[in-house]
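Here are my notes on the model you sent over. Have the viewer open while you read, and go through the points in order.

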There are 2 protein chains.
Amino acid sequence: MQNKYRLMSPGPTPIPPEVSAAGALPIIHHRTPEFGEVFTRVNENLKRVFLTENDIFTYAASGTGSFEGALQNLFSPGDRVLVVNNGNFGGRWVKMSRAFGLEVTELTYEWGQKADNDEVAEALAADPQIKGAICVLSETSTGTVNDIRGFAKATENVLTIVDAVSGLGACELRTDEWGVDVVVAGSQKALMTPPGLGFVSVSERAWRAHEEARLPRYYFDWTAARKAYRKDPPQTPWTPAVSVIIQLDLALQQILEEGLENVLERHVLLGRAARAGVKGMGLRLFGPDEDMNTAVTAAWVPEGIDGKQLVRMVFREHGIQVAGGQGPMEGKIFRIGHCGYFDAYDIIATVAAIELALESLGHPVELGKGVGAAQRVFSKSGVAA
Amino acid sequence: MQNKYRLMSPGPTPIPPEVSAAGALPIIHHRTPEFGEVFTRVNENLKRVFLTENDIFTYAASGTGSFEGALQNLFSPGDRVLVVNNGNFGGRWVKMSRAFGLEVTELTYEWGQKADNDEVAEALAADPQIKGAICVLSETSTGTVNDIRGFAKATENVLTIVDAVSGLGACELRTDEWGVDVVVAGSQKALMTPPGLGFVSVSERAWRAHEEARLPRYYFDWTAARKAYRKDPPQTPWTPAVSVIIQLDLALQQILEEGLENVLERHVLLGRAARAGVKGMGLRLFGPDEDMNTAVTAAWVPEGIDGKQLVRMVFREHGIQVAGGQGPMEGKIFRIGHCGYFDAYDIIATVAAIELALESLGHPVELGKGVGAAQRVFSKSGVAA
């Protein structure tokens with residue numbers, strides 16, 4: 001039987017039909033009033049989603065590129081940074097910081113564990129030379145969401161830098177209220193837009209650090225970006241990814257029409273239902289069973305089952321693209337992405353497909369048990385019958 | 001009267017309807033066999049357009065980002081480079097090289113003048129410490145195309161680095177035959193694809209330089225890219241701009257179906273017709289009247305006319321987006337872009353609109369004279385009746 005393609009990975013994620021359709025519009029020039037109107041609205045609406053009054057810059061780049069830009073704009077060679085590493089992306093920021101000649105104090109946690117913000121505070125107290133602290137909001141590789149409110153408090157005397165690539169728009173992140181200096185994000189996760197755009201928000205304190213920062217930079221230079229953004233209408237210093245920005249404009253409008261708080265609530269339910277489904281079919285969650293894990297749900301592949309084969313079968317025979325484990329978790333866990341354009345029936349279909357795939361791989365599973373558990377989450381919430 | 005929107009700027013450029021339509025396809029995951037098939041074909045077809053067997057990497061970035069990557073991957077702080085500066089983009093590479101701590105020998109030419117490759121050879125002979133030489137193929141700011149065959153010969157003992165952002169696919173560039181080590185390009189010009197992708201090709205000699213290069217880098221790191229590209233199917237190290245790459249795939253197929261040599265021939269005619277049209281209406285060309293100027297045609301705004309007003313009027317009242325002058329040429333010249341998805345009637349419409357706009361600005365112009373001159377170019381070539 002033919003299956004529809006269902007993208008349930010933690011990035012890129014499916015995009016709403018209106019956002020898709022806008023991808024087919026003719027290309028317009030980026031220095032026109034027409035594009036200026038779109039770009040002005042995008043910049044305003046990004047602030048509403050980042051919950052900040054800070055400058056936000058949009059790059060033609062992935063989140064990794066924007067993150068590189070943040071390091072280049074904030075630091076000088078030899079500067080000390082603290083990096084929380086509890087997954088693939090935390091690990092990436094350690095490597096990137098070292099590649100740029102920064103002295104890294106690495107706080108390592110097992111994959112699936114949350115950062116301990118008391119330890120963060122202790123590490124900073126022990127080394128007053130540390131200038132900035134880096135933490136991932138939603139660690140896509142494990143599904144674990146770090147407590148960024150606590151992290152921002154623990155790091156209040158240094159630059160607080162947060163990778164919110166898969167988190168922004170799925171997990172609570174109150175940039176200004178919590179005092180996060182720099183937030184890096186990407187278009188292809190909860191912002192329901194194709195991949196290709198990276199974002200960075202820059203606080204006043206980050207601007208002051210920028211003035212001292214001597215790492216070489218050009219493409220991601222914040223001063224160049226600010227100068228272009230202050231034109232009327234605002235511009236980017238280099239050619240922007242016009243078509244993806246036009247798509248982002250529609251996606252942001254949809255998010256704000258649903259209401260950011262409602263969007264975050266929906267993600268709480270999606271995560272809760274995904275975890276209930278996984279547990280309902282008798283599998284063990286990877287990472288904490290917490291309501292804040294709203295972007296990705298990770299679970300251990302049951303003993304005796306090849307995790308790569310499971311993920312492949314769910315895709316090949318059921319059309320549903322979940323993700324396998326990364327790095328040390330390859331073949332051991334699978335991950336269901338639900339940050340962005342997802343609803344109750346995406347979760348239900350995914351849980352159903354995993355049940356069916358486990359059955360055909362010979363794993364004992366009672367069909368419908370995981371699905372029922374997911375349904376009950378939605379039923380209790382009154383969201384879906 | 002309502003006008004259609006006609007994008008006649010030198011980037012971004014209009015894209016074929018099939019390429020537009022593909023922008024509305026659902027997002028697929030980048031680590032699937034389906035995307036792998038597209039990406040493998042894109043990588044092969046890029047080599048056919050770059051005319052190289054060298055590695056080519058595709059970034060989520062503008063051409064400026066890819067160029068930054070080239071500097072980071074080739075050089076160490078204090079390294080000496082020669083940069084030809086005969087326009088806005090040559091000037092940008094001077095600034096970027098300095099931002100990365102390189103010692104720049106700048107060969108400056110007036111905007112609209114071509115680089116003198118004898119002077120390039122002399123400058124290199126005078127300073128054997130110079131490691132690399134940078135030149136723009138098609139200087140988008142002036143329409144002038146530099147002689148890269150001669151430049152590659154003059155720089156054969158150092159790394160030859162070419163900015164082909166607006167040139168690739170519009171101007172002759174035989175990467176391997178001419179011995180160009182590094183070619184940087186972008187998706188949004190003659191490659192008939194939305195903006196958002198940057199490219200770089202890397203010769204064996206460039207790889208050897210890369211091994212010694214100590215500038216800090218991560219996002220654009222060629223070693224990371226090569227490692228990911230060697231997987232089966234090939235991947236990018238970070239999330240690629242999936243939707244734009246799927247569009248690029250179709251655009252490259254169209255280019256190769258038309259045949260690269262035919263595409264280049266078409267651009268020769270487009271340039272010739274645009275120049276004939278401009279001269280036919282009594283205006284003076286900016287830059288040399290040469291068949292190699294195939295990507296952009298620039299002309300002086302006639303005395304007594306406000307160039308910004310002319311460009312605005314052609315856009316507002318005729319729907320045709322030509323470009324004004326950049327930097328020192330602001331208000332003094334206008335530019336017609338014709339690199340990419342353009343045909344005879346795009347040129348004819350543009351020339352006609354400029355005639356009409358000049359007339360309504362009170363400039364003496366005989367309607368149809370420029371158009372007739374453009375027509376004759378096509379008529380003589382047998383391309384259009």
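Where is L51(A) found? The residue sits in the loop between α2 and β2 (55-60) of chain A, where helices (H or I, at least four residues) and strands (E, at least two) are DSSP runs numbered from the N terminus.

1. **Ground rules.** This is a predicted model, so local features need pLDDT of at least 70 and side-chain atom pairs count only at pLDDT 80 or more, while totals for chains, interfaces and linings use all residues. Residues are numbered from 1 along each chain as its sequence is written, chains are lettered from A and ligands numbered from 1 in the order in which they are written, and side-chain values use heavy atoms, with hydrogens and water left out.

2. L51(A) has a phi near 55°, which is a positive value in a residue other than glycine. L51(A) is partly exposed, at 27% relative accessible area; buried here means under 20%, exposed over 50%, and partly exposed in between (1.4 Å probe, protein chains only). In chain B, have a look at M192(B), whose phi is near 60°, again positive in a non-glycine residue. M192(B) lies in the loop between β9 (182-186) and β10 (197-202) of chain B, and with a relative accessible area of 4% this residue is buried.

3. **Cis peptides.** Check the bond from D232(A) to P233(A): the peptide is cis, with omega near -5°. P233(A) belongs to the loop between α9 (222-229) and α10 of chain A. In chain B, a cis peptide bond joins D232(B) and P233(B), with omega about -5°, and P233(B) is in the loop between α9 (222-229) and α10 (242-258) of chain B.

4. **How the copies are related.** The same surface serves both copies, as 98% of the contact residues of chain A recur in chain B (contact means heavy atoms within 4.5 Å).

5. **The interface.** Chain A puts 53 residues into the contact and chain B 52 residues. Together the chains bury about 3,900 Å², 64% of it on carbon and sulfur atoms; that is the accessible area (1.4 Å probe) that two parts lose on being put together, summed over both. I27(A), Y218(A) and Y219(A) supply 17% of the area that chain A buries against chain B, more than any other three residues.

6. **Charges across the interface.** The rule finds 2 salt bridges between chain A and chain B, a salt bridge being a side-chain nitrogen of Lys or Arg within 4 Å of a carboxyl oxygen of Asp or Glu. R316(B) and E34(A) meet in a salt bridge at 3.3 Å, N to O. On the side of chain A that touches chain B, the elements giving two or more residues are α1 (17-22), α2 (33-50), α3 (63-74), α4 (88-99), α10 (242-258) and α12 (307-316) of chain A.

7. **Salt bridges within a chain.** Over all chains, the search finds 32 salt bridges. K114(A) pairs with E290(A), with the closest N and O atoms 2.9 Å apart. K114(A) lies in the loop between β4 (103-108) and α5 (117-126) and E290(A) in the loop between α11 (260-280) and β11 (296-300) of chain A, so the pair ties together parts that are 176 residues apart in sequence. K114(A) is partly exposed at 24% relative accessibility, and E290(A) is partly exposed at 26%. There is also a network of salt bridges that links R272(A), R275(A), K279(A), D289(A) and D291(A).

8. **The core.** Which residues have the most contacts inside the largest nonpolar core? They are W222(A) and W222(B), in a core of 198 residues; such a core is a set of buried Ala, Val, Leu, Ile, Met, Phe, Trp, Tyr and Cys residues joined through side-chain atoms within 4.5 Å. Not counting residues up to four places away in sequence, W222(B) touches several residues, including F57(B), Y59(B), W207(B) and H210(B).
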